[in-house]
Amino acid sequence: GSGLVSSKDKRVELDEWLAGYAGVNGYGFAALKSIENKKQAREAFAKMDDNGGGMILLDEWCWFIKEAEVAAKTPVGVLLVADESGGVGKPAKLAAGKAVVTVE
């Protein structure tokens, strides 16, 4: 169920995300820097919800962060792909969804 504080269902629904997105963009992650208003927050939610289930699961959240860090070639992004099969330059895919990321 929804509820920013009261729910401990380990997933984020759109209403929860819209209520709390402003609290996550100050941590320096490339994926979160451009989320400045509700329109951008909705777009980010749609991108994170890789399987279209209407909620963000932990693996989708992590993939969203990883994909942006890798694409931006941040030091964190380089570290995140270092353990992929084949390492840098090889594609990696989220198990249940459509997201794919490759770093050169």
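**Close-up views of a predicted model**

**View 1. Trp17 is buried, with a relative accessible area of 5%.** Buried means under 20% relative accessible area, exposed over 50%, and partly exposed in between, with a 1.4 Å probe and protein chains only. This is a predicted model, where local features need pLDDT of at least 70, side-chain atom pairs count only at pLDDT 80 or more, and totals for chains, interfaces and linings use all residues. Residues are numbered from 1 along each chain as its sequence is written, and side-chain values use heavy atoms, with hydrogens and water left out.

**View 2. Trp17, Tyr21 and Trp61 form one aromatic cluster.** The structure holds two aromatic pairs. Rings of Phe, Tyr and Trp (its six-membered ring) pair if their centres lie within 6.5 Å; planes under 30 degrees apart count as stacked, over 60 as edge-to-face and the rest as tilted. The rings of Trp17 and Tyr21 have centres 6.4 Å apart and planes at 45°, so this pair is tilted. Trp17 also pairs edge-to-face with Trp61, at 6.0 Å centre to centre and 65° between the planes. Trp17 lies in helix 1 and Trp61 in helix 4, so their pair ties together parts that are 44 residues apart in sequence. Helices are DSSP runs (H or I, at least four residues), numbered from the N terminus. Tyr21 is buried, at 11% relative accessible area. Trp61 is partly exposed, at 26%.

**View 3. The largest nonpolar core has 14 residues.** Such a core is a set of buried Ala, Val, Leu, Ile, Met, Phe, Trp, Tyr and Cys residues joined through side-chain atoms within 4.5 Å. Among the residues with the most contacts inside this core are Trp17, Leu32, Ala44 and Phe64. Helix 1, helix 2, helix 3 (38-48) and helix 4 (58-71) each supply at least two of its residues. Helix 3 gives the largest share, four residues.

**View 4. Met48 is in contact with Trp17, Ile56, Glu60, Trp61 and Phe64.** This list leaves aside neighbours within four places in sequence. Contact means heavy atoms within 4.5 Å.

**View 5. Tyr27 is exposed, with a relative accessible area of 61%.** Tyr27 is found in the loop between helix 1 (14-20) and helix 2 (30-33).
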